[in-house]
Amino acid sequence: MRLPALKSLLLLAALLVPAADAREAATPAGTRIAAQRLARIDAALQRYIDDGRIAGAVALVLQDGKPVYQRAFGWSDKEAGRRMREDTVFRIASQTKALTSAAILMLAEEGKLSLDEPVGRTIPAFAKTTVAVAGGEPVAAKRRITVRDLLTHTAGISYGTDAAIKEAYRAQGLGPAAGYGWYTADKDEATCATMERLATLPFVAQPGERWVYGYNTDILGCVVERASGMALDEFVRTRIAEPLDLRDTRFFLPPAQRERLAAVYASGDDGRAARAPDGARGQGHYVDGPRRNFAGGAGLLSTARDYARFLEALHRGGELDGVRILSPRSVRLMRSNQSGALYPDEGKGFGYGFEVTERYGANGLDGEGAYGWAGAYGTLYRVDPQARLVMVLMIQLMPNRTDIQSVFPTLVYQALE
């Protein structure tokens with residue numbers, strides 16, 4: 001072979017086969033999973049079980065949409081002798097907020113509501129609201145509450161357990177009378193009936209002046225019902241769960257599947273987990289109950305697999321497996337700080353449905369732009385776009401006096417190299 005021809009072949013080979021440094025540049029440092037380091041999760045979660053701090057857990061980590069870690073540990077129901085399974089169903093409480101917030105944005109994209117419209121347009125009871133004043137009678141709100149205020153928790157609405165208002169809320173079956181304030185699964189009334197009663201009670205801050213965590217997304221659940229013309233459970237099922245193949249995401253579990261639902265445990269003063277009681281502050285009414293009240297802020301059941309699929313759809317800009325539920329621009333709203341400087345934690349903000357990390361170091365090992373939230377029963381999720389990660393931890397522990405919610409993300413992040 002002539003020398004010029006040989007040089008041409010070598011040049012072609014160089015073009016077709018990237019150099020090692022080019023391949024490395026395509027996968028930035030700090031985003032590759034080291035499987036042997038990820039295996040540290042096994043020992044850590046098993047230690048929580050062996051020490052009696054939790055009964056069991058399911059952990060799932062996706063990278064680029066594919067499972068890189070998926071394990072079930074311990075017991076779904078220790079007293080009944082049921083082992084935890086990867087398809088065990090969990091109460092996800094405030095992780096419901098992300099789905100309800102997505103539902104609101106879906107309706108906004110269809111022109112059925114506006115984020116800046118007053119909530120009173122959809123729920124007339126909210127046309128005029130009041131704010132509690134220490135030592136005095138409630139005063140009128142300075143302005144009307146908007147859908148955006150509710151999405152960002154800047155409407156001044158708490159869960160009604162504050163000292164100044166808790167007795168008024170208790171009298172209306174809310175606040176201290178509703179489990180830890182957020183629980184409505186035991187109510188034999190429609191979702192909007194509960195929210196209309198809430199509108200008659202005083203709130204704790206003026207709209208737009210403070211970040212206050214509370215019934216905001218539950219009110220949005222009623223907005224979804226009024227704007228869509230269907231019950232919230234039907235909207236979630238037909239518009240989100242079924243299109244995304246979320247097989248076990250619903251507000252109440254069919255009685256025939258009761259053994260799939262993990263039991264709730266509670267951290268004692270010694271840090272050890274004991275079975276929680278029946279009722280609103282424990283096992284709840286998610287199988288045997290009225291099945292009428294769909295809490296948009298705290299009511300869903302799900303599995304690690306289902307919730308990870310929903311998060312992966314957000315990670316991909318609102319689309320998964322050829323099904324689009326939201327536009328990329330709406331998803332960008334969800335995962336950007338929309339609460340401005342009102343969010344109390346430095347270096348973080350609150351988008352539409354969950355917290356967002358704006359500065360590296362502000363939330364453990366989160367990358368900038370990571371987002372996530374947790375649930376009252378101890379569940380946790382994070383999405384890190386930089387590392388292309390989705391992480392979900394499912395436990396049932398309320399109250400939760402462990403540090404597992406900070407330890408688990410660290411165990412995932414330390415496996416990046």
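Start with the big picture by selecting the eight strands of the open sheet, in the order β3-β2-β1-β16-β15-β14-β13-β12, with antiparallel pairing. Strands here are DSSP runs of E with at least two residues, helices are runs of H or I with at least four, and both are numbered from the N terminus. Two strands pair if DSSP finds at least two bridges between them. At the edges sit β3 (82-83) and β12 (348-350), each pairing on one side only.

Before you click on: this is a predicted model, where local features need pLDDT of at least 70, side-chain atom pairs count only at pLDDT 80 or more, and totals for chains, interfaces and linings use all residues. Residues are numbered from 1 along each chain as its sequence is written, and side-chain values use heavy atoms, with hydrogens and water left out.

Next, select β2 (residues 66-77), which is joined to β3 by two bridges and runs antiparallel to it. Look for tryptophan 75, standing opposite arginine 83 in β3. Then pick serine 76, also in β2. Is serine 76 buried or exposed? Serine 76 is buried, at a relative accessible area of 3% (buried is under 20%, exposed over 50%, partly exposed in between, with a 1.4 Å probe and protein chains only). Leaving aside neighbours within four places in sequence, its contacts (heavy atoms within 4.5 Å) include Arg82, Arg83, Leu261 and Tyr265.

Now for a hairpin. Show β5 (residues 130-133) and β6 (residues 136-140), an antiparallel pair with three bridges. Valine 131 is opposite valine 139 in β6. Two residues lie between these strands, and glycine 135 has a positive phi near 75 degrees.

Move along to proline 243, in the loop between α10 (232-241) and β7 (265-267). With 31% relative accessibility, proline 243 counts as partly exposed. Not counting residues up to four places away in sequence, proline 243 touches Arg237, Thr238 and Val323.

Last stop: the largest pocket. On a 1 Å grid over the protein atoms alone, a pocket is an open set of points where a 1.4 Å probe fits, with protein on both sides within 12 Å along at least five of seven lines; lining residues have an atom within 4 Å of a point. The largest pocket has a volume of about 280 Å³, counted as the space filled by probe spheres set on the points. Of its 14 lining residues, the closest to the centre are Arg237, Thr249, Arg250, Phe251 and Phe252.
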